[in-house]
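Colleague: I would like to learn how to read a model like this one. Can we take it feature by feature?

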Amino acid sequence: MTESKDTQVRPTATIKSIVKAAVIEQSEKAAALAKEEKARQEKAKQEEAGIKVIKLEKGAVEKVKETKVSVSKNAADTDKKIEQKAAKAEKETKKKAVKAKKENAEVKKNVVKREASVKKEEKKIAEAKDEVKEKATAVKTEAPKTEASKKETPKKEASKKVASKKAVNTKKEVVKKISDIKQETVKKAKEVKKEVAKKAESVKDTVVKDTAAKDTAAKTKEPEVKLVLQYRDYDIEQSVLYNKARAVIGDKFESVKNLNLYVKPEEGKVYFVADEETGSFDL
């Protein structure tokens with residue numbers, strides 16, 4: 001069978017060229033698709049990273065807010081506890097001071113009473129001395145050294161001896177009484193002095209203890225709170241912000257009573273209110 005004249009036979013080289021061109025075209029399309037897919041994936045990663053950054057920023061802001069509220073609450077609670085303890089200690093001190101004052105007044109009253117008793121005893125001693133003098137004078141009067149006394153009857157002489165003996169006994173009794181009164185007076189004075197010293201020491205100890213208790217209550221502190229801001233590349237402690245604010249405010253800082261710091265990491269700034277003065281500085 002003979003071939004038709006219209007049938008065209010392509011050379012082998014032409015077929016290879018067509019196949020090669022098709023392969024190249026497919027490769028280029030595959031490369032373009034791979035490039036597009038890679039670009040799409042990169043874009044998706046960037047969008048995902050952006051969402052994560054936004055979430056982190058939002059979380060950091062919320063955390064800073066929560067920390068600020070917590071610190072303010074803790075500080076308020078601490079101040080309240082210190083005030084309550086100080087008020088309680090002051091109340092107890094006043095109560096004990098009133099009690100000590102009352103006891104001191106009672107001691108003074110007892111001292112005055114004892115002093116009056118001592119004066120009374122001294123008066124008795126003086127009266128006893130006068131009595132001795134009077135009796136001694138009476139004895140001398142009863143036994144005058146004259147010629148008439150020598151001629152007296154034995155009865156009168158016996159009476160004289162009895163009177164003399166009586167006077168001596170009376171004198172001895174008075175001397176003994178005076179000695180007893182003096183000893184009693186000295187003893188009572190020592191007791192009063194000892195009691196006053198004891199009461200004074202007790203009052204002193206009470207005041208010292210109350211003062212110490214008050215100082216202890218005033219000095220009592222809660223655990224120290226340390227605030228650290230961590231945001232992106234920032235890692236700043238509260239003390240650093242405090243020192244920066246102090247440097248910005250300058251000499252006026254010594255008279256500042258209230259200092260409020262407002263941190264804005266997204267702006268890289270810290271705003272402050274020192275009493276009535278406002279300002280800002282960089283993180």
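Modeller: Start with exposure. Buried means under 20% relative accessible area, exposed means over 50%, and partly exposed lies in between. This is a predicted model. E37 has a relative accessible area of 33%, so E37 counts as partly exposed.

Colleague: What does E37 form with R40, and how far apart are the closest N and O atoms?

Modeller: The general idea comes before the case. Side chains of opposite charge can pair when their charged atoms come close. Here E37 and R40 form a salt bridge, with the closest N and O atoms 2.3 Å apart. Both residues lie in helix α1, three residues apart, which is about one turn of the helix. R40 is partly exposed too, at 49% relative accessible area.

Colleague: How many salt bridges does the count come to?

Modeller: The count comes to six. Among them, R246 and E254 meet at 3.1 Å, N to O. R246 is partly exposed at 36%, whereas E254 is exposed at 63%. Another one joins E267 and K264 at 3.9 Å. The cut-off is 4 Å, so this pair counts as a salt bridge. E267 is partly exposed at 42%, and K264 is partly exposed at 36%.

Colleague: Now the fold. Which pattern does the chain follow along the sequence?

Modeller: Read along the sequence, the pattern is α-α-α-β-β-α-β-β-β. That makes four helices and five strands. Helix α1 spans residues 12–142.

Colleague: In which sense do β1 and β2 pair, parallel or antiparallel?

Modeller: Strand β1 (residues 228–231) and strand β2 (residues 234–237) pair in the antiparallel sense, over four bridges. V228 has E237 in β2 as its bridge partner. The two strands form a hairpin with two residues between them. In the turn, R232 has a positive phi of about 50°.

Colleague: Is A60 buried or exposed?

Modeller: A60 is buried, because its relative accessible area of 17% is under 20%. A60 is found in helix α1. A60 and Q230 are 170 residues apart in sequence, yet 7.7 Å apart in space, C-alpha to C-alpha.

Colleague: What share of the chain is buried?

Modeller: Buried residues make up 13% of the 283 residues. The accessible surface comes to about 23800 Å², with 55% belonging to carbon and sulfur atoms.

Colleague: Which residues form a nonpolar patch on the surface?

Modeller: I15, V19 and V23 do, with about 250 Å² of accessible area together. I15 lies in helix α1 and is partly exposed at 44%.

Conventions
Residues are numbered from 1 along each chain as its sequence is written. This is a predicted model: local features need pLDDT of at least 70, side-chain atom pairs count only at pLDDT 80 or more; totals for chains, interfaces and linings use all residues. Side-chain values use heavy atoms; hydrogens and water are left out. Patches are made of residues with over 30% relative accessible area and no salt bridge: like charges are joined within 9 Å, nonpolar side chains (Val, Leu, Ile, Met, Phe, Trp, Tyr) within 5 Å. Accessible areas come from the Shrake-Rupley method with a 1.4 Å probe; for residues, only the protein chains shown count as cover. A salt bridge is a side-chain nitrogen of Lys or Arg within 4 Å of a carboxyl oxygen of Asp or Glu. Buried means under 20% relative accessible area, exposed over 50%, partly exposed in between (1.4 Å probe, protein chains only). Two strands pair if DSSP finds at least two bridges between them.
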